Amino acid sequence: MIRTYDDYREIYRKSIENPEHFWDTIADQFVWHKRWTKTVDWNFNDPDVKWFVDGKFNITQNAIDRHLPLNSGKTAFIWEPNSPEGHKRIITYQNLHDEVCQLANTLKNLGVKKGDRVCIYMPMIPESVFAMLACARIGAVHSVVFAGFSSSALAGRIQDSDCKIVLTSDGAYRGPKDIPIKSVVDEALRECPGVEKVLMYKHTGTIVNLTEKDIIWQDVVPYASPVCEPEIMDSEDMLFILYTSGSTGKPKGVVHTCGGYMVYTCYTFQTVFQMDGLNDVNTNQNVFWCTADVGWITGHSYIAYGPLLAGASSVLFEGVPTFPDAGRFWNVIDKYKVTHFYTAPTAIRALEAAGLQYVAPYDLSSLKVLGSVGEPINEEAWQWYHKNIGKEKCPIVDTWWQTETGGIMISAIAGITPTKPGYATLPLPGIQPILVDEKGNEIPGNDVEGNLCIKFPWPSIVRTTYGDHARCRQAYFETYPGLYFTGDGCKRDHDGFYRITGRVDDVMNISGHRIGTAEVESAINSHIDVVESAVVGYPHDIKGQGIYAYVIVPSTTKNHDMLKKEIIAEVNKIIGPIAKPDKIQIVNGLPKTRSGKIMRRILRKVAEGEISNLGDTSTLLDPSVVEEIVKGRL
């Protein structure tokens, strides 16, 4: 355990000098049916990475069963519903075991076998987590799709992973809205003939159309046996697929495997947040709350897996931070005496903008650690969070990681290592980051800036992109041979602390969610009046980055305001509301080189308002296009 800054430095040194011994020691804490024969076998050229080779186990046995002898009555989850007037649910580790086993047996009865893919498209209710764990229990591969994605986006993900069954609900509550969920699934399945069954949980009472494929959860799951022997899995068997936007084309199905993901998520959860004594039946004072949705990697690693593997108690929250008012987060923290709180800079900025009158009624004295995730947190938001929520006594862990890394990579360790506003600070033990220049040469020393790469694998590194290994190689390992390229730019300051400066490819970070420009452009271009578009990110006070779209509509007679509404509706339909453009500028042309490439740096500068120095435009086919774009800037 890391107890002091000196501990960190010593453990980090040992983890780099002898990574096999370091990770062996951590992995030995889990229940294995057969111990691994080799700790790590890897190359970054193919790429081909294996951890805990030949190890046999089941992740749910470690996340649930091993806690039952001492902690069966301990709270695993407190579910806080969308409405504060709703009924909370307390789920103990024994309850969790029984629910997961009943659902696992139901899936088996529906013909789901080891290796089959299962799509989960559900709101933030406990059944979403039960679904993930039930898949893992029987060796099925879960593919969770955020329940804010459109039917088209859902269909694409179901098709790509060839899912056999879909788990969903009738509807969802989100703030003041009732959102239809099942109807989105119905629409998606028109394009997905391979789906055999749909298991639907009745949550909102929304009227739905039932087909011969549909089975109501409450009609079958409660009647299944609460005993389901776990499928024995190999360390490198697939655990889940999670789709993330790339800089080109359709989303990538990031694949994580059982062994390395288990070891790394638990280790990072315990280390970063310093969650102590969690396997002691008498230690109930720590309550962790990660506000993410399970449709994203943060929800996978720090709601569904990490805390359970560590035997922790967590809050599972259905609602939004501003409903019924902007004091909701602080109300929940006080209600459940939350000690460790993990949220996104977008939420912090929105609540800061709402005003301190929403914070004032709450005590917040239970808090010990604050966390930030999804994007770099700006200094103003960091200071507000530190002063008004942490009362200047809670360390802030500003965590940097990715869907592809599986767990936190660079972060302060709560109360142990120094913090610095705007900086992720230091790599966790076992993580070997380096900065490189455009040619891949390492940039040594401090007070430097470059592209962030990792030179040695960690247990939860992405193994492949589902069905397209060449795309995995091209996206993460081809740019700088022998290195994993994160796609992020980074500064290392005089203390050796890391500060992420943002994506260096065409991926935007909107409210902490990665969205590819190509994906949004494709959706915009599907509008009948649009000939071409270009999308860039620009600074946004709440979201961090907003979406600025430049759109060519040469022959339309429509009013531009009406046209913009139609374009937004088209993006909502194809991707979902999270990808809708914040600004749409109608233009006659785009700045292109003679070879036809769009010069995005110019569009980015215009969107950011940096029009005094647009750089060299002499290589453009028609430099006058830039003048027109600048004049029409929104």
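Helices here (H or I, at least four residues) and strands (E, at least two) are DSSP runs numbered from the N terminus. The model is predicted, so local features need pLDDT of at least 70 and side-chain atom pairs count only at pLDDT 80 or more, while totals for chains, interfaces and linings use all residues. Residues are numbered from 1 along each chain as its sequence is written, and side-chain values use heavy atoms, with hydrogens and water left out.

Q: Which residue with a positive phi follows α17?
A: Let's start at the other end of this helix, where a side-chain oxygen of Asn-559 comes to within 2.7 Å of the backbone nitrogen of Asp-561. After α17 comes a residue with a positive phi near 135°, and that is Gly-576.

Q: Which residues of α17 are buried?
A: Buried means under 20% relative accessible area and exposed over 50%, with partly exposed in between (1.4 Å probe, protein chains only). The buried ones are Leu-563, Ile-567, Glu-570 and Val-571.

Q: How many of the nine residues of α12 are buried?
A: Helix α12 covers residues 328-336 and is largely enclosed by the rest of the structure. Among its buried residues are Phe-329 and Trp-330.

Q: How many disulfides does the structure hold?
A: A disulfide is a pair of cysteine sulfur atoms within 2.5 Å. The sulfur of Cys-101 is 5.3 Å from its closest cysteine sulfur, in Cys-228, so it is too far for a bond. The structure's disulfide count is zero.

Definitions and conventions:
A polar contact is a pair of N or O atoms within 3.5 Å; within protein, one must be able to donate a hydrogen and the other to accept it, and residues adjacent in sequence count only if both atoms are side-chain atoms.
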